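Morning, everyone. Let me put the model up, and then we will walk through it.

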Amino acid sequence: MEPHSLAGSGAAAGEEPPAAFRTALDAIATVRARPEIVLETIPAPQRLAPWAHALGAQVFEPDGEDEVEVASGRFIVLFDPNGHQAWDGTTRCVAYVSAVTDETLVDDTMFSEVAWSWLTDALTDSGASHHNVGGTVTRTASTRFGDLAGPEHSVDVELRASWTSGDTALDRHLEAWLEVLGNAAGLPPPGVRLLGPSGSAPDGTL
């Protein structure tokens, strides 16, 4: 991703960022998202912690000659050098994912548990030191009427979560979140290309 900016991240204009916060953001800056995901720095919330940094992401897939957004999300780092009792630490990661999913899953009682396991498994598999994990998974079914563009029926899944980081290696936390985003968007594992009905890749190659 592009080098991060600390502009607007501090509680006071011109205040020098704490070393631990800068180290965490340096780790984040080393992460490279897969080609389907556009990752960029966005304005961070100003009142949740003395220091904050935020990233936004969008996932696109081909639709004929165009590309359509199938998922989006935010990854926010909150840092309080004095510690936060509710966090049980100094660094809190806040994550949000929204994606269009298969409408048959809206009635699957296990789907929410599966979606939540995407996050917990990704954090564990990435080696991200974490504790105090909490969040929600929401499934929403929509039916469009009249002249509204888009499919007649659609189902969206939203995952909201937060957890406390046990160290400043936030690259592992960001990579875990990107894996969750890819799962929600239905992306194949990195390096795997899905074949179309004719046995070719979506761009027509074998």
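Which residues form one aromatic cluster? Phe21, Trp51 and Phe79 do. Before I go on, the ground rules. This is a predicted model, where local features need pLDDT of at least 70, side-chain atom pairs count only at pLDDT 80 or more, and totals for chains, interfaces and linings use all residues. Residues are numbered from 1 along each chain as its sequence is written, and side-chain values use heavy atoms, with hydrogens and water left out.

Let me stay with the rings. Rings of Phe, Tyr and Trp (its six-membered ring for Trp) pair if their centres lie within 6.5 Å; planes under 30 degrees apart count as stacked, over 60 as edge-to-face, and the rest as tilted. Searching the whole structure gives 5 aromatic pairs. Take Phe75 and Trp177: their ring centres are 5.7 Å apart and the planes sit at 40°, so this pair is tilted. Phe75 is in strand S3 and Trp177 is in helix H3, residues 170-185. That pair links distant parts of the chain, 102 residues apart. A word on names: helices (H or I, at least four residues) and strands (E, at least two) are DSSP runs, numbered from the N terminus. Both Phe75 and Trp177 are buried. Buried means under 20% relative accessible area, exposed means over 50%, and partly exposed is in between, with a 1.4 Å probe and protein chains only.

Now compare Phe111 and Trp118. Their centres are 6.1 Å apart with planes at 85°, so the pair is edge-to-face. Phe111 counts as buried because its relative accessibility is 5%.

Next, the strands. Two strands pair if DSSP finds at least two bridges between them. S1, residues 37-42, pairs with S2, residues 51-63, in the antiparallel sense over 6 bridges. One example: Glu40 has Gly56 in S2 as its bridge partner. S2 and S3 also run antiparallel, joined by 13 bridges. There, Trp51 has Phe79 in S3 as its bridge partner. Trp51 and Phe79 are also two names from the cluster I opened with, alongside Phe21. S2 and S3 make a hairpin with 2 residues between them, and Gly64 in the turn has a positive phi of about 70°.

That brings me to backbone angles. Most residues other than glycine have a negative phi. Which way does Asp88 go, positive or negative? Positive: its phi is near 60°, and it is not a glycine. Asp88 lies in the loop between strand S3 (66-84) and strand S4 (89-101). Asn132 is another non-glycine with a positive phi, about 55°. But Asn132 is found in a strand, S5, residues 130-143. With 36% relative accessibility, Asn132 counts as partly exposed.

On to charges. How many salt bridges does a search of the whole structure find? It finds 3. A salt bridge here is a side-chain nitrogen of Lys or Arg within 4 Å of a carboxyl oxygen of Asp or Glu. Arg22 bridges to Glu16, with the closest N and O atoms 3.6 Å apart. Arg22 is partly exposed at 33% relative accessibility, while Glu16 is exposed at 57%. Arg34 bridges to Glu36, closest N and O atoms 2.8 Å apart. Here Arg34 is buried at 18%, and Glu36 is partly exposed at 25%. Arg160 bridges to Glu158 at 3.5 Å between the closest N and O atoms. Arg160 is partly exposed at 42%, and Glu158 is partly exposed at 24%.

Last stop, Ser165. Where is it? Ser165 is in strand S6, residues 153-165. Is Ser165 buried or exposed? Buried, because its relative accessibility is 7%. A polar atom of the Ser165 side chain lies 2.5 Å from the backbone oxygen of Asp167. The side chains of Ser165 and His173 are joined by a polar contact of 3.2 Å. A polar contact is a pair of N or O atoms within 3.5 Å; within protein, one must be able to donate a hydrogen and the other to accept it, and residues adjacent in sequence count only if both atoms are side-chain atoms. Leaving out residues up to four places away in sequence, Ser165 touches Thr91, Ser129, Leu170 and His173. Contact means heavy atoms within 4.5 Å.

That is my tour.
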